[in-house]
Protein chains: 2
Amino acid sequence: MKNELKSLIILFKAYHSIEKAVKHSLAHTGINVNEFTAMEALYVKGSLTTQELIDTVLIPNSSMTYVLERLNEKAYLVKNKKESDKRIQIIVLTALGTRVFEEIYEKHFSYMRSIFDVLDKEEEQQLHYLLKKIGKKSGDKE
Amino acid sequence: MKNELKSLIILFKAYHSIEKAVKHSLAHTGINVNEFTAMEALYVKGSLTTQELIDTVLIPNSSMTYVLERLNEKAYLVKNKKESDKRIQIIVLTALGTRVFEEIYEKHFSYMRSIFDVLDKEEEQQLHYLLKKIGKKSGDKE
DNA sequence: TGTTATTATTACGAATTAGTAATAATATGG
DNA sequence: CCATATTATTACTAATTCGTAATAATAACA
């Protein structure tokens with residue numbers, strides 16, 4: 001077998017390895033990776049619609065519904081119908097959600113940063129460039 | 001929020017985007033990503049123990065059991081107890097499994113290669129180097 | 001040689017993920 | 001306006017994933 005999907009294998013390995021580290025970092029925080037990613041997006045953007053969250057977190061709509069339910073149960077976010085288009089919901093972190101996220105983020109940041117710091121600044125930029133390039137190409141093919 | 005986990009976010013995005021492409025490529029083949037990865041490892045290595053497969057595919061042991069069950073049901077692989085240590089199973093693809101894998105791989109290869117070909121040879125090597133570096137660092141922290 | 005520890009694997013059950021259909025609101029084209 | 005198409009979201013269900021405990025075989029060593 002021509003092993004020219006080496007890039008794919010290496011990407012999968014690196015990702016799974018990092019994903020494990022993320023899970024480890026989030027263990028005992030009461031939220032999982034998808035929940036964290038959704039909260040992060042909301043924290044950065046201030047507010048997003050469900051559809052925008054789906055496009056950011058890249059999980060299926062039915063999975064996002066589940067994630068939002070969980071976070072809503074924990075009172076970390078609220079959903080508000082948009083007045084001008086009632087099909088749309090605007091999602092916002094609550095004060096509690098924001099506070100909890102900030103606490104979790106601080107530790108998570110240090111932990112993850114200690115991994116990525118194995119790359120120097122230039123290497124990290126190069127990684128961004130390369131990953132964006134294949135991510136974009138891959139998205140284009142959908 | 002200091003956005004210095006940009007690398008993490010970009011990696012996640014690129015991965016999920018590629019993962020979608022992989023799923024698309026494997027749709028209608030009757031096997032999913034984990035099943036494909038396990039078969040690929042077996043195809044390349046000839047045979048592996050369950051534990052070796054777990055270390056390759058990087059999923060929990062309980063998940064691997066499920067994957068192996070699925071593939072065994074489809075008669076794509078067989079399990080043989082090792083004589084010298086009966087705790088250990090040696091997993092091998094059947095002739096059917098091998099043939100099916102080759103068929104699937106051929107199409108999958110073209111599809112995935114068309115994505116990674118957006119990188120030139122040098123860029124691809126660089127990507128390998130960078131991903132291995134953070135993958136390794138991340139694994140070390142376990 | 002008989003505990004005790006370690007390793008490989010499976011069993012079980014709960015949580016999550018995801019595909020598909022349903023619902024509800026809005027847009028569009030006659 | 002009305003019928004139809006499109007968009008956003010949820011409901012429902014099946015499949016998968018995963019943590020943890022159980023089992024079974026082997027190793028270690030007093």
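Analyst: Let's start with one contact: an N or O atom in the side chain of K23(B) is 3.1 Å from a phosphate oxygen of DNA strand C. That is a polar contact, meaning a pair of N or O atoms within 3.5 Å (within protein, one must be able to donate a hydrogen and the other to accept it, and residues adjacent in sequence count only if both atoms are side-chain atoms). Keep in mind that this is a predicted model, where local features need pLDDT of at least 70 and side-chain atom pairs count only at pLDDT 80 or more, while totals for chains, interfaces and linings use all residues; side-chain values use heavy atoms, without hydrogens and water. As for names, residues are numbered from 1 along each chain as its sequence is written, with chains lettered from A and ligands numbered from 1 in the order in which they are written.

Stay with DNA strand C. S62(A) goes for a base instead: an N or O atom in its side chain is 2.9 Å from a base nitrogen of DNA strand C. Zoom out and you find 21 residues around DNA strand C, the closest being S62(A), Y66(A), Q51(B), R87(B) and Q89(B); a residue is near a strand if one of its heavy atoms lies within 4 Å of it. Of the atoms of DNA strand C that come within 4 Å of the protein, 62% belong to sugar and phosphate.

Which elements supply that surface? At least two residues each come from α4 of chain A and from α3 (50-57) and α4 of chain B, and α4(A) gives the most, with five residues. (Helices, H or I with at least four residues, and strands, E with at least two, are DSSP runs numbered from the N terminus.) By class, the surface near DNA strand C has three nonpolar, 11 polar and seven charged residues; here Ala, Val, Leu, Ile, Met, Phe, Trp, Tyr, Cys and Pro count as nonpolar, Asp, Glu, Lys and Arg as charged, and the others, Gly among them, as polar.

Now hop over to DNA strand D. It has 21 residues around it, and Q51(A), R87(A), Q89(A), S62(B) and Y66(B) come nearest. Sugar and phosphate make up 64% of its atoms that come within 4 Å of the protein. Phosphate oxygens of DNA strand D lie 2.7 Å from a backbone N or O atom of Q51(A), 2.8 Å from one of Q89(A), and 3.3 Å from a polar side-chain atom of S63(B). Two or more residues of this surface come from each of α3 (50-57) and α4 (61-73) of chain A and α4 (61-73) of chain B. Here α4(B) gives the most, with five residues. The classes near DNA strand D are three nonpolar, 11 polar and seven charged.

How do the two protein chains relate? The same surface serves both: 100% of the contact residues of chain B recur in chain A, where contact means heavy atoms within 4.5 Å.
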